[in-house]
Amino acid sequence: MKLLFISLGCDKNLVDTEEMLGILNRTGYTFTEDENEADAVIVNTCCFINDAKEESIGTILEMAKLKKNAKCKALIVTGCMAQRYKEEIIKEIPEVDALVGTEAYNEIAEVLESVSKGEKPMCFEASKTSAMNEDRIVTTGGYFAYLKIAEGCDKCCTYCIIPKIRGSYKSFPMEELILKAKKLAEGGVKELILVAQETTKYGEDLYQKKML
């Protein structure tokens, strides 16, 4: 099965996309950039601000047309939009076959398998506890990559929905990050760009002090 993967939004979203690509590649799926060749389309969405939400909705609707005009048989929506507007998406866009929330990316292969059986899964919790980026596919050209060091945010700014869809600030253990960095370096990456909703806060929750 050939998949078309569209990643919207921030660099943190791109890391999630690259990790899902790695899982799907390991599972045996192949990828295409030609929408007319795709058997299934996965859109990793953003709804950080209104413009991002509109872009995500527009992309989903555009990809939904492929189910009528191309060989596409499945449309899967992942990420922030899926997490925040799950009921609305299912109700308003019936072409969507599955939703994957922000904490369930490592279930993407199982979700695709369920869709191929005619099911319409909505997955918002991961059943696996292990980290999922062992076979991450870097899409930034090879010489640089993003390394996500934390998830979520504790600051409930009025313009931002991140705490509600990504949860409170959670630093990833330093040992885990070092292993990921080494893996990326072994793959030829020369420059790592650390990303988080607030990078300077890194470590406060795990080590009770800033550890950037």
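Mentor: Let us look at helix 8, and begin with the side that faces outward. The face of helix 8 turned away from its buried side carries the exposed residues E175, L179 and E186, where exposed means over 50% relative accessible area, buried under 20% and partly exposed in between, with a 1.4 Å probe and protein chains only. This is a predicted model, in which local features need pLDDT of at least 70 and side-chain atom pairs count only at pLDDT 80 or more, while totals for chains, interfaces and linings use all residues. Residues are numbered from 1 along each chain as its sequence is written, and side-chain values use heavy atoms, leaving out hydrogens and water.

Helix 8 spans residues 174–186, helices being DSSP runs of H or I with at least four residues and strands runs of E with at least two, numbered from the N terminus. Its buried residues are L177, K180, A181 and L184. These cover an arc of only 100° around the axis, which puts them on the same side of helix 8; the arc is that of the directions from the helix axis to the C-beta atoms. What covers these buried residues includes helix 1 (11–27), strand 7 (144–148) and strand 10 (191–195), with contact meaning heavy atoms within 4.5 Å.

K180, one of the buried residues, also lies over the face of F172, at 5.4 Å from the ring centre; the rule asks for NZ of Lys or CZ of Arg within 6 Å of the ring centre and within 35 degrees of the ring normal. Just after helix 8, G188 takes a positive phi of about 105°.

Definitions and conventions
Expected span 1.5 Å × (residues − 1).
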